[in-house]
Amino acid sequence: MDRGGTTVWVWGDQLHRDLAHLRDRDPGATRVLMVVSDRKLTERPWHRQKLHLVVTAMRRFAAELADEGFAVDLRRAPSMRAGLAAHLDAHAPDAVVAMEPASRAGTATLGRLDVELVPNDHFLCHWEEFAAFTAGRRRTTMEDFYRWRRAATGWLMDGEEPVGGRWNLDAENRRPPHAGLATEAAEVPPVVDPPDALDADLATWLPADVRTFGAPWDGTWATSRTQALARLERFVTRVLPRFGDHQDAMVAGAWHLNHSLLSHALNLGLLHPREVCEAVVAEHDAGRAPLNAVEGFLRQVLGWREYLWGVSRTAPDDYADENALGADQPLPPALTGAAPTEMRCLADTLTSVHDHAYAHHIQRLMVLANLATLAGVQPRALTEWMHGAFVDAYDWVMVPNVIGMGTFADGGRVATKPYVSGGAYVDRMSQGYCGDCRYDRSKRTGPDACPFTTLYWDVLDRNRDVLRGNNRLAQPYANLGRLGDLPQIRERAAEVRAALAAGTL
Ligand code: SF4
């Protein structure tokens, strides 16, 4: 089929044969277009592993489709638009069809290009269903949404009631690390695929001016569905039974602990959330995984992941630029690797990011985003950096995670209060952080004061106008009112923010 016919345009995060764009397609009668866009690859600095993952997964998927009999046009182009134009010139299809992109910007782009869209079914709840559910409500929390989806899917349900009598076992997912946690996690190392010829041949797909950082590719992340299924099998059979208790724990030098390491495959399309959720629920039903582990995982995928997609698609147009706390500081050079840091918790988290393009969720929330919120770092700058740094980051997931959950920049659309803490929380939930740190997590003033502890009081002080009316912050503000050293805290906080910006903290 050289000319005419139908072209299905497959985007780089839609790499699944059973999604709406490809499910019912006859390989012999369908042409597939895939575009590796120079503009996308140069729009921000990327971690080398993220870049490798996305481009290589596209190439493997293109090869699989070609093996199946599809006519595949995988091309590098200056932009997505230019890639389509070149394809139209070469093949003159009668129609170009695509699955609605996950991001609003992507959908708008295709809307301008006369491409026929089919609804995105890479999620369990389409955002239009989300919009209908939230319509007329003053606010819809993740918990509201999650219970609705549990009832809709029947997962972990006993009739109309949740299995075990409680919807949410979060209190049983937040135990501090125990002495053997890192050793226990190391017993089940990540699946690693040795690089092959395709992995070795990435450079020809990259523009000369691409900006990269971080450690090179080491085969940790799945670039094909077969590889993704091997990682799902590892998690479900070997890690899931241990997943429940320590989801919020941090241990120095133990980068993956008992986390699933599946988010990259889910967000690329190599795995579908339905098969992942069904697999973990089946383990519970068979008595092989405890309820707090399975419920906690389901809450992340069926709850948070889907909720954030709905938020990203229904929030105001300028949502990514919201900044309720007026945070105006630039991205600290410690995050970009331009400066070292003596903050042990931050250094360990950034080592994980450098080595693996990954930090687990509590490092992202309570170290990186917490520090950014406390120090007044521009939320948009943090979003951009995280998008390039994390192997699982895309616009639709990063914007609500940072603007809503991480930094409270949306003023409370997603989170009911800012997720901020001082050093005491980090100490309680970690091993090998505060005890080995140059700073003292119990001090809020003086040169040895923990930056988190100082800035925690300072951020409450600086943002009284916005935050004081929040019922969930009544106790912290009562405690702030009892501090006798607020002038010294303000002084030290100014020093800490300056040192963070200068890369000397
Ligand atoms: Fe992090 Fe403060 Fe603990 Fe150091 S003392 S590891 S900066 S929380």
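Predicted model: local features only at pLDDT ≥ 70, side-chain atom pairs only at ≥ 80, totals over all residues.

**Exercise 1.** Determine which residues are closest to the ligand and which helices supply the shell around the ligand.

*Solution.* 
Step 1. The ligand is surrounded by 13 residues, and the closest are Cys-345, Cys-434, Cys-437, Tyr-439 and Cys-450.
Step 2. Assign the shell to helices: α14 (344-356), α18 (423-428) and α19 (451-462) each contribute at least two residues.
Step 3. Sort the shell by class, which gives 10 nonpolar, 1 polar and 2 charged residues.
Step 4. Identify the space itself: the ligand takes up the largest cavity.

**Exercise 2.** Characterise the lining of the second largest pocket by residue, helix or strand, and class.

*Solution.* 
Step 1. The second largest pocket holds about 860 Å³ of space.
Step 2. Its lining comprises 32 residues, and those nearest the centre are Trp-11, Lys-40, Glu-43, Met-80 and Ser-103.
Step 3. At least two lining residues come from each of β2 (30-37), α1 (38-42), α2 (48-68), α3 (80-91), α4 (104-111) and α17 (395-406). The largest share, 5 residues, belongs to α2.
Step 4. By class, the lining has 16 nonpolar, 7 polar and 9 charged residues.

**Exercise 3.** Why does the second largest pocket lie between two domains?

*Solution.* 
Step 1. Residues of the lining come from both domain 1 (6-118) and domain 3 (319-502).
Step 2. Because both domains contribute to the lining, the second largest pocket lies between them.

Conventions. Residues numbered from 1 in each chain as written. Heavy atoms only, no water. Near = heavy atom within 4 Å. 1 Å grid on protein atoms, 1.4 Å probe; cavity = no way out; pocket = protein on both sides within 12 Å on 5 of 7 lines; lining within 4 Å. Sits in = over half its atoms within 2 Å of the grid points. Helix = DSSP H or I, 4+ residues; strand = E, 2+ residues; numbered from the N terminus. Nonpolar A, V, L, I, M, F, W, Y, C, P; charged D, E, K, R; others polar. Points joined across faces, edges and corners; volume = space filled by probe spheres on them. Domains from an automatic or database assignment.
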